[in-house]
Amino acid sequence: NFAALFHSPGIGTVVYNTVIFLFVSGILGQQALGLFLALLLREKRRGVKFFVGVTVAAGWITPEVVAIVMFSCVFAANGTANMLLGMLGIEPVQWLIKHALASVVIANIWKGCAYSVMMFQAALDQVSDDILEAARIDGATTFRTFWKVIFPIMKPMHATVAVITALSVWNDVMTPLVIMSGSGMNTLPLAQMTFQTQFGTN
């Protein structure tokens, strides 16, 4: 079976798609963006907290199938993405054909980022205000306080979110299956290749 797998046509593209999908969507997207949004939720400005909170809540309560179909419409030929480009005087883009992998990554980040935000928000709430106050008294900048104080304290949560996010992205079949829209192997990750191989009729 393993010999047949490595001799399968297009296996290089499938492995490449899986690595990009996992790293960009899972690590850079859901984890890094989730931490950034969680930090924004600690802002004292109500407008920022409200906007971020509504965006995160929308991603969390929207059913997966609805979110995927929504992004399929957004990136369609006459979808919202091309409408915005047209308003800027830019020619429409065939997102689901030429940039199918990017479309899948964006959709996956949006529907999975809310979980990371809530996990990081819970971890940030556990950071003692006394520690942060001591760092400010010592003259630490905001970035240095985050990098030297907050980030190390949150290491266990980073590991937890990384593992859960990686497993979620790795096993995601629905998003590429719906959004790929005739793009061949341009968006085919290993999870979907396994699904099509096991349950396909060819």
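In which helix is Met174 found? Met174 is found in helix 11; helices (H or I, at least four residues) are DSSP runs, numbered from the N terminus. The model is predicted: local features need pLDDT of at least 70, side-chain atom pairs count only at pLDDT 80 or more, and totals for chains, interfaces and linings use all residues. Residues are numbered from 1 along each chain as its sequence is written, and side-chain values use heavy atoms, with hydrogens and water left out.

**View 1. A nonpolar patch on the surface is formed by Val65, Val69, Met174, Leu177 and Val178.** Together these residues have about 370 Å² of accessible area, computed by the Shrake-Rupley method with a 1.4 Å probe, where for residues only the protein chains shown count as cover. Patch residues have over 30% relative accessible area and no salt bridge; nonpolar side chains (Val, Leu, Ile, Met, Phe, Trp, Tyr) are joined within 5 Å, and like charges within 9 Å. Helix 4 (64-74) and helix 11 (174-179) each supply at least two residues, and the largest share, three residues, comes from helix 11. Met174 counts as partly exposed, at 35% relative accessibility (buried is under 20% relative accessible area, exposed over 50%, partly exposed in between; 1.4 Å probe, protein chains only).

**View 2. The largest nonpolar core has 21 residues.** A nonpolar core is a set of buried Ala, Val, Leu, Ile, Met, Phe, Trp, Tyr and Cys residues joined through side-chain atoms within 4.5 Å. Leu37, Val56, Val117, Phe120, Ile150 and Met154 have the most contacts inside this core. Two or more residues come from each of helix 2 (11-40), helix 3 (46-61), helix 7 (100-125), helix 8 (129-137), helix 9 (142-153) and helix 10 (155-170). Helix 7 gives the most, with six residues. Leaving aside residues up to four places away in sequence, Val117 touches Gly34, Leu37, Ala38, Leu41 and Val56 (contact means heavy atoms within 4.5 Å). A second, separate core of 14 residues includes Trp95, Leu96, Val104 and Val105.

**View 3. His158, in helix 10, is buried, with a relative accessible area of 10%.** Not counting residues up to four places away in sequence, the residues touched by His158 are Gln31, Leu35, Phe120 and Phe151.

**View 4. Ser25 in helix 2 is buried, with a relative accessible area of 0%.** The side chains of Ser25 and Asn108 make a polar contact (2.5 Å). Such a contact is a pair of N or O atoms within 3.5 Å; within protein, one must be able to donate a hydrogen and the other to accept it, and residues adjacent in sequence count only if both atoms are side-chain atoms. Beyond four places in sequence, Ser25 touches Ile20, Gln30, Val105, Asn108, Ile109 and Val169.

**View 5. Two salt bridges are found in a search of the whole structure.** A salt bridge is a side-chain nitrogen of Lys or Arg within 4 Å of a carboxyl oxygen of Asp or Glu. One joins the side chains of Glu64 and Lys111 (3.3 Å, N to O). Glu64 lies in helix 4 and Lys111 in helix 7, so this pair ties together parts that are 47 residues apart in sequence. Glu64 is partly exposed, with a relative accessible area of 40%, and Lys111 is partly exposed at 22%. Another joins the side chains of Glu133 and Arg136 (2.9 Å, N to O). Both residues lie in helix 8, three residues apart, about one turn of the helix. Glu133 is partly exposed, with a relative accessible area of 38%.
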